[in-house]
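Please look over the structure below before reading on. The report then takes up a sheet, a helix packed on it, and some backbone details in loops.

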Amino acid sequence: MTKRPETLAAQALHQTDRETGAVIPPIHPSTTFMRDAKNALVGEMDYRRPKGPTEMQAASVLAALEGAADARLFSSGLAAIAAILDTLEIGAHVVAQTEMYYGAKKLLHHLAAKGLISLTFFEPHDKMGLKQAVQAGKTELVWIETPANPSWAVVDVAYAAEIAHAAGAILGVDGTCSPPCTTRALDLGADLVMHSATKYLNGHSDVLMGAVVTKSQDERWEKLCTGHHLTGAVPSPFDSWLMMRGLRTLFVRFERQSANALKVAEAMKAHGEVSHVLYPGLEDHPGHAIAARQMTNGFGGLLSIRLKGGAEAARKLCASTEVFLQATSIGGVESLIEHRKPIEGPSSPTPDNLVRLSCGIEAADDLIEDLKQALDRT
C-alpha cells in the first residue's frame, strides 16, 4: 500500500517502539552505544555526534516528505546553510538573490570578505538577471529562497535549476517558508534543500534546528555529512523528537495557517492605513502565478504589510496588538508580529514601514479584529 504524504507525516513513517509497543517512538539520549565481545557494534551506531537514533528517525521522516535520498539535522538553520557552503571549493562563485533571510545573507558576505567565495546577487523576480549572474564553468552554487523573507517575492525553482545546471552549478533552496507539505523543491530540480526546522517543520516555537535534504547521495553529500560529523553541529535528541512530533501535524497546521493568512491579507488590503499587502496567495501579487504552480497545498501563513504612516506607524502597530505577539520567528501555531527593519539593521533593503506577520492557527476573525484595533491606535 502506497501511503500519501499526509499519512506518512501523521504517523512519522509508522515508527513505533518495538520493545514496549508504544505508538510514539522513544527519545534516545545516550551519547555512546555498546559493542559485543568481538568489539562489533550491537546496533548501527557507535557515537551520537555523527548519528543518533532519535535524530535519524526524525531525519527519515523529513526525507520521505521531501522525496529525498537522505537528510541530516543540524543545531540551527544557519548551521545547515554553513554546512552547504562548506562543501564549496575555495573561491567558488555563488549566485544568490537580493531579498532573502538576512542571517544567510550576512553569512555569505562574511565568507566573501574572507575570500572564501565570490558573490553575485540578482533580484528574485528577474529571470534575465539570474541568467546573467550565473557564469558557466565558474558558478558552483545558485542559492534561492522562495518565498523570500520578508517581502515574500517568489523565485521559479524549475527555471533556477535549469539555469544552474546548464552552467555546471548546483541549485540550493532555502525551503523554510515553503515546507514539503506545499513545495517539494527536489522534484522541481533542486539539488539540496535547507530548512530552518525551527519554523514550520517544528511549528511550536520550542526547537532550534536546521535540516538539509539531498536529491542524491553524491560526492558533495558525502562532504556535507563529513562536515556534519567533524563540526559537531548536531541537535539534541529531545529537540529532534520535538521536531518529529511537529512534523506529525505539519499538513493540518499549514492548511489552517494558509487559510488564516489569506483572510488577513484580504482584510488588510481594504484597510485605509495599509499601502501594500505582500502575500503570494493574492492574485495581484507579482509572483502569484509561479507560487500557484510551486505551492500546491496553500501559500503559507506568512505575509507583510506596509503602512502609510511610515516607520513610526509600524512601530506603534507592533506594540498595540493583543492577539499577535511581538516577537521574532515564523511558522509557529501562535501568531507573531514584527517591525522587521530594526531587527535586520540599517543595511537591510527591507522598507522601514514593513510589518511582518506570521499567522498561527487561532480564529482568523480574532487576528483581523486585533490588527484593526491596533491600526486604529496608529
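## A bridge within the sheet

In this predicted model, Ser304 has Arg356, a residue of β12, as its bridge partner. The two strands concerned, β9 (residues 302-307) and β12 (residues 354-358), run antiparallel and are joined by 5 bridges. Helix α9, which spans residues 250-269, packs on the sheet and touches β8, β9 and β12, with its direction making about 15° with that of β9.

The sheet as a whole is open and mixed in its pairing, with 5 strands in the order β8-β9-β12-β11-β10. Because β8 (274-278) and β10 (325-326) stand at the edges and have a single partner strand each, one side of each is left without a neighbour in the sheet.

## Gln257 in helix α9

Gln257 belongs to helix α9, and it counts as buried because its relative accessibility is 0%, where the cut-off for buried is under 20%. Its side chain reaches the backbone oxygen of Gly331 at 3.4 Å, and the residues that Gln257 touches, leaving aside those up to four places away in sequence, include Tyr200, Gly300, Gly301, Gly332, Val333 and Cys359.

## Backbone details in loops

In the loop between α1 (5-10) and α2 (53-66) lies Leu13, whose phi is positive, near 65°, although the residue is not glycine. His14 lies in the loop between α1 and α2 and likewise has a positive phi near 65°. Leu13 counts as partly exposed, at 28% relative accessibility.

Key:
Residues are numbered from 1 along each chain as its sequence is written. This is a predicted model: local features need pLDDT of at least 70, side-chain atom pairs count only at pLDDT 80 or more; totals for chains, interfaces and linings use all residues. Side-chain values use heavy atoms; hydrogens and water are left out. Two strands pair if DSSP finds at least two bridges between them. Helices (H or I, at least four residues) and strands (E, at least two) are DSSP runs, numbered from the N terminus. Contact means heavy atoms within 4.5 Å. Axes are lines fitted to C-alpha atoms, for helices over the stretch in contact, and angles run from 0 to 180 degrees between N-to-C directions. Buried means under 20% relative accessible area, exposed over 50%, partly exposed in between (1.4 Å probe, protein chains only). A polar contact is a pair of N or O atoms within 3.5 Å; within protein, one must be able to donate a hydrogen and the other to accept it, and residues adjacent in sequence count only if both atoms are side-chain atoms.
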